[in-house]
Amino acid sequence: MEPIAHLEKKTFDVLTSLIDDLSLLCRDNVISLYLYGGAARKGYAPERSNLNTLIVLKKIEIDALTGIARIYKKVGKVRVVAPLVLTPAYIRSSVDVFPIEFLDIKENSILLTGVDLLKEIAIDLSRLREQCEREIKGQLVRFRGSFLEVEGDRKGMEQLVIKAISSLIFPLKNILRIVNHQIPEGSDTVIRSCCKTMNVSDTPFLDAWAMKKEGHKFSLEGLYALISGYMSTLEDISNKIDAMKAEGGL
């Protein structure tokens, strides 16, 4: 494996060990091994970020999964999480169902060994728009339902907001992809860029992000106002995504 400039030696050695162990275990069954997610980007922080890997096998059987599980358990203490194990057939048949996930892996991955199957993946923007719409509408429904459960519980309401904004960044990035905008670094910048593109207020989302990242506190009245604005903005984005043309325009 070629050196990866932004990874420290300990992480690189772990990945090298994974390659060796998987090659020995699966032999000709292994097609590809990828590093994806935060560790594949220059902003990787080894003390905070997990190591996410994708293993592509010709066929997936219980013996292979058992062996892979044992290999990964040995390195679990260095933030290596259980890998994503797929076959080429599954990837080909699932790109239209999970366009956001596959596009994110494709754009944020490093081929560690084997054949680069992800390079050949083509994502239909209309499918991407449909999944973004499902994600946003689903989050809106879940947010409202969760609010009904925690209303009046200050701590519960704060946790609701923090959990919601954490899961929102992903679809916001993909909305930017749909309209051919470059995805900026930093979640707060993603929020500003997407909200500007969609012509909606970014204040509720940025306030929610400040709660998550900086521990910002609001009065109870301010918290209700934040939640109200959050739901309203989420609904505005939902309506605008619904109105998007299939080719990715607004």
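Q: Which residues does Thr 53 touch, not counting residues up to four places away in sequence?
A: Thr 53 touches Leu 15, Leu 33, Tyr 34, Leu 35, Tyr 36, Tyr 72, Pro 83 and Leu 84. Contact means heavy atoms within 4.5 Å. This is a predicted model, where local features need pLDDT of at least 70, side-chain atom pairs count only at pLDDT 80 or more, and totals for chains, interfaces and linings use all residues. Residues are numbered from 1 along each chain as its sequence is written, and side-chain values use heavy atoms, with hydrogens and water left out.

Q: Why is Thr 53 called buried?
A: Its relative accessible area is 1%. Buried means under 20%, exposed means over 50%, and partly exposed is in between (1.4 Å probe, protein chains only). Therefore Thr 53 counts as buried.

Q: What makes the pair of Thr 53 and Tyr 72 a polar contact?
A: Their side chains come to 2.8 Å. A polar contact is a pair of N or O atoms within 3.5 Å; within protein, one must be able to donate a hydrogen and the other to accept it, and residues adjacent in sequence count only if both atoms are side-chain atoms. The pair of Thr 53 and Tyr 72 is listed as such a contact.

Q: Where is Thr 53, and what makes an element a strand?
A: Thr 53 is in strand β2, residues 52-57. Strands are DSSP runs of E, at least two residues long, while helices are runs of H or I, at least four long; both are numbered from the N terminus.

Q: How many helices and strands does the protein chain have, and in what order do the elements run?
A: There are nine helices and four strands. From the N terminus on, the order is α-β-β-α-β-α-α-β-α-α-α-α-α. Buried residues make up 45% of the 250 residues in the chain.

Q: Why is α5 described as roughly antiparallel to α9?
A: The axes of α5 (residues 125-150) and α9 (residues 220-242) come within 9 Å and cross at roughly 155°. That angle makes α5 roughly antiparallel to α9. Under 35 degrees counts as roughly parallel, over 145 as roughly antiparallel, 65 to 115 as roughly perpendicular, and the rest as oblique. Axes are lines fitted to C-alpha atoms, for helices over the stretch in contact, and angles run from 0 to 180 degrees between N-to-C directions.

Q: Which residues make the contact of α5 with α9, and how do they divide by class?
A: Among them are Cys 132, Ile 136 and Phe 143 of α5, and Tyr 224, Ile 227 and Leu 234 of α9. They divide into 12 nonpolar, two polar and six charged. Ala, Val, Leu, Ile, Met, Phe, Trp, Tyr, Cys and Pro count as nonpolar, Asp, Glu, Lys and Arg as charged, and the others, Gly among them, as polar.

Q: Why is α4 described as roughly perpendicular to α5?
A: The axes of α4 and α5 come within 8 Å and cross at roughly 115°. That makes the two helices roughly perpendicular. Pro 99, Ile 100, Glu 101 and Leu 103 in α4 meet Arg 127, Leu 128, Gln 131, Cys 132 and Glu 135 in α5. By class, this contact has five nonpolar, one polar and three charged residues.

Q: What makes α4 and α6 roughly perpendicular?
A: The axes of α4 (residues 99-107) and α6 (residues 154-178) come within 11 Å and cross at roughly 80°. Therefore α4 and α6 are roughly perpendicular to each other. The contact residues include Ile 100 and Leu 103 of α4, and Phe 170 and Arg 177 of α6. Three are nonpolar, one is polar and four are charged.

Q: What makes the phi of Arg 27 and Asn 199 worth noting?
A: Most residues other than glycine have a negative phi. Arg 27 is not a glycine, yet has a positive phi of about 50°. Asn 199 is not a glycine either, and has a positive phi of about 60°. Arg 27 lies in the loop between α1 and β1, and Asn 199 in the loop between α7 and α8.

Q: How do you know whether Arg 27 and Asn 199 are buried or exposed?
A: Arg 27 has a relative accessible area of 58%, so Arg 27 is exposed. Asn 199 has 63%, so Asn 199 counts as exposed.

Q: Why is Ile 183 called partly exposed?
A: Its relative accessibility is 26%, so Ile 183 counts as partly exposed. Ile 183 lies in the loop between α6 and α7. Leaving aside neighbours within four places in sequence, Ile 183 is in contact with Lys 173, Leu 176, Arg 177 and Val 190.

Q: Why does Glu 158 count as buried?
A: Glu 158 has 11% relative accessibility, so Glu 158 counts as buried. Glu 158 is in helix α6. Leaving aside neighbours within four places in sequence, Glu 158 is in contact with Met 211, Lys 217 and Leu 223.
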